[in-house]
Amino acid sequence: MKVYFDGCSWTYGAENDLSDRFSTVLCNKMGAEEINVSQNGASNRAILRRTLVENNISDYDLAVIQLTMPNRTEYWNVKVGKWTRVGINRFIHKSNLKKDYNDMGDEILNFWRFYHKNVYTDELGEIDEKVTYTAIKSHCNANNVPLILTTIRAWPFSELPYDMNLNDPKIPRARHNHPNKEGHAMIANDLVKIYENLL
């Protein structure tokens with residue numbers, strides 16, 4: 001059995017030994033092969049791109065996909081030849097953007113400042129999240145791959161019917177608010193129950 005995992009830092013296992021992250025714990029419990037393509041700081045667009053374009057979901061027996069905060073995005077950075085993550089917090093609340101985005105020129109920095117202050121709205125984020133949610137569910141369904149779709153959204157909570165919100169106050173946290181080792185174990189246990197209900 002092969003299990004596909006995607007998401008942001010929560011599914012990647014930030015602030016933990018990767019052997020303690022819930023994807024590893026879950027696969028150990030199930031005797032399954034773990035394929036975790038999550039990335040710290042990933043946007044829903046990145047998660048959608050990896051799931052629909054960069055990986056063949058039909059190669060897997062189960063997908064566990066975590067959506068993230070809808071105000072994150074990405075763009076293809078021609079200058080460095082890679083996808084570049086963009087988060088609203090760094091542009092609105094941090095002053096030292098050059099340090100965080102040293103591969104961007106002033107023109108690109110100014111564009112993203114403008115985008116997050118004048119273009120991005122909560123309504124746009126909600127619509128993008130619904131598009132991503134629907135596309136991933138449809139893609140897994142079309143390929144006959146059971147899906148557990150989770151989120152980390154806190155306030156404002158999403159109205160979409162996720163299987164689980166990992167950002168549950170009952171989950172113990174590490175220093176920077178990611179689940180700690182105990183929290184990952186709790187998430188893995190909850191995911192086992194959700195999977196058993198899919199059977």
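Trainee: Leaving out residues up to four places away in sequence, which residues does Ile65 touch?

Mentor: Keep in mind that this is a predicted model. Skipping residues up to four places away in sequence, the list for Ile65 is Tyr4, Asp6, Ile47, Thr51, Ile136, Leu147, Ile148, Leu149 and Thr150.

Trainee: And which element gives the largest share of the largest nonpolar core?

Mentor: That core has 42 residues, and Ile65 is among those with the most contacts inside it. Several elements supply at least two residues each, including strand 3 (62-67), helix 7 (122-142) and helix 8 (181-198). The largest share, 6 residues, comes from helix 8.

Trainee: What about Glu54: which residues are linked with Glu54 in a network of salt bridges?

Mentor: Start with the pair Arg49 and Glu54, whose side chains meet at 2.5 Å, N to O. Arg49 is buried at 13%, while Glu54 is partly exposed at 45%. The network joins Glu54 to Arg49 and Glu74.

Trainee: Last one: how far apart in space are Ala154 and Gly41?

Mentor: Ala154 is in the loop between strand 6 and strand 7. In sequence, Ala154 and Gly41 are 113 residues apart, but C-alpha to C-alpha the distance is 16 Å.

How values were computed: Residues are numbered from 1 along each chain as its sequence is written. This is a predicted model: local features need pLDDT of at least 70, side-chain atom pairs count only at pLDDT 80 or more; totals for chains, interfaces and linings use all residues. Side-chain values use heavy atoms; hydrogens and water are left out. A nonpolar core is a set of buried Ala, Val, Leu, Ile, Met, Phe, Trp, Tyr and Cys residues joined through side-chain atoms within 4.5 Å. Buried means under 20% relative accessible area, exposed over 50%, partly exposed in between (1.4 Å probe, protein chains only). Helices (H or I, at least four residues) and strands (E, at least two) are DSSP runs, numbered from the N terminus. Contact means heavy atoms within 4.5 Å. A salt bridge is a side-chain nitrogen of Lys or Arg within 4 Å of a carboxyl oxygen of Asp or Glu.
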